Amino acid sequence: MSELVRSLILGVVQGLTEFLPVSSSGHLEIARFVLKDPAVGEQGLLFTIMLHVATALSTLFVFRKDITRMLGGLLHRGWNEDKAFAVNVLISMIPAVIVGFAFEPLVESMFEQRIAFVGAMLCVTAVLLYLADRARQTDRTVTPGRALIVGIAQAVAIIPGISRSGSTIATSVLLGIDRYRASRFSFLMVVPLILGKMAYDLVQGEMQTTEADWGVLAVGFVAAFVTGALACHWMVALIRQSKLRYFSIYCIAIGIFAIILASL
């Protein structure tokens with residue numbers, strides 16, 4: 001299989017799984033293992049970052065009206081709902097930023113196709129989704145304290161196999177936040193984090209000095225952006241309306257599959 005075809009497939013996998021609580025990074029690691037993707041360590045992490053940036057940009061496209069309101073709220077002199085939402089997004093970034101800087105070598109080592117570990121973490125995601133599905137829904141809103149707790153869940157989701165959207169949505173629901181607010185907050189809170197990571201790597205020169213095929217990366221990037229933008233429209237509604245237990249069952253199944261695959 002050519003590198004371009006492999007990159008295209010991985011981009012589609014990223015775009016389709018980013019907006020469901022099933023761990024896009026976990027699916028990427030499993031897909032890379034099945035497709036025998038040779039990229040490991042720094043190169044594997046770079047490819048994963050590029051695909052996440054693509055879906056972050058697709059999120060910007062889909063939620064452009066929400067983001068415009070957030071920016072307008074920040075610029076407004078008085079306190080309003082949009083400004084409060086934007087501030088909560090910034091607060092939610094703190095744990096992931098700390099983990100990213102303090103444990104960068106450890107995070108990079110996780111992206112080395114450790115499929116059994118990814119499978120185990122998918123099972124952890126399944127348990128979290130199941131617990132959230134059983135939680136009683138309320139009409140609570142996102143507050144700074146709750147935003148920080150959800151941000152901690154996002155930081156933990158740096159681990160491949162722990163779904164970022166799954167962990168943040170489930171944590172929000174367990175905190176009493178309704179699914180509409182939880183899903184909207186989950187998808188928007190990651191955008192500045194991913195774009196900030198990309199900007200940091202550019203400033204540090206890491207992305208320029210890495211020996212990588214930028215043509216292959218571009219194919220994966222475009223595939224992830226297009227499929228992510230198309231999928232986000234219906235996946236957001238699917239998350240809000242569907243029972244989280246169904247995603248829990250799926251994560252258990254794919255997690256067990258990954259563990260068995262690693263043992264072969």
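Let's start with helix α2 and helix α14. Helix α2 covers residues 24-34, and helix α14 covers residues 244-263. They pack at an angle of about 35°, with their axes 11 Å apart. Axes here are lines fitted to C-alpha atoms, for helices over the stretch in contact, and angles run from 0 to 180 degrees between N-to-C directions. Helices are DSSP runs of H or I, at least four residues, numbered from the N terminus.

A word on the source. This is a predicted model: local features need pLDDT of at least 70, side-chain atom pairs count only at pLDDT 80 or more, and totals for chains, interfaces and linings use all residues. Residues are numbered from 1 along each chain as its sequence is written, and side-chain values use heavy atoms, with hydrogens and water left out.

Back to the pair. The crossing of α2 and α14 is left-handed, that is, the near helix is turned anticlockwise from the far one by less than a right angle; clockwise would be right-handed. Which residues of α2 meet α14? His27, Ile30, Phe33 and Val34 do, and they meet Tyr250, Ile254, Phe257, Ala258 and Leu261. Contact means heavy atoms within 4.5 Å. Nonpolar means Ala, Val, Leu, Ile, Met, Phe, Trp, Tyr, Cys and Pro; charged means Asp, Glu, Lys and Arg; the others, Gly among them, are polar.

Next pair. Helix α9, residues 164-174, packs on helix α10, residues 179-189, at about 140°, with axes 9 Å apart. That angle makes α9 oblique to α10. Under 35 degrees counts as roughly parallel, over 145 as roughly antiparallel, 65 to 115 as roughly perpendicular, and the rest as oblique. This crossing is right-handed. From α9, the contact includes Arg164, Thr168 and Ile169; from α10, it includes Arg179, Ala182 and Phe187. The contact residues divide into five nonpolar, five polar and two charged.

Now, how covered is α10? Mostly: nine of its 11 residues are buried. Buried means under 20% relative accessible area, exposed over 50%, partly exposed in between, with a 1.4 Å probe and protein chains only. Among the buried ones are Arg184, Phe185 and Leu188.

Last, the start of the chain. Helix α1, residues 3-17, has buried residues too. They include Arg6, Leu10 and Val13. Then look at Ser23, in the loop between α1 and α2. Its phi is near 70°, a positive value in a residue other than glycine. Most residues other than glycine have a negative phi. Ser23 is buried, with a relative accessible area of 1%.

Key:
Helix = DSSP H or I, 4+ residues; strand = E, 2+ residues; numbered from the N terminus. Expected span 1.5 Å × (residues − 1).
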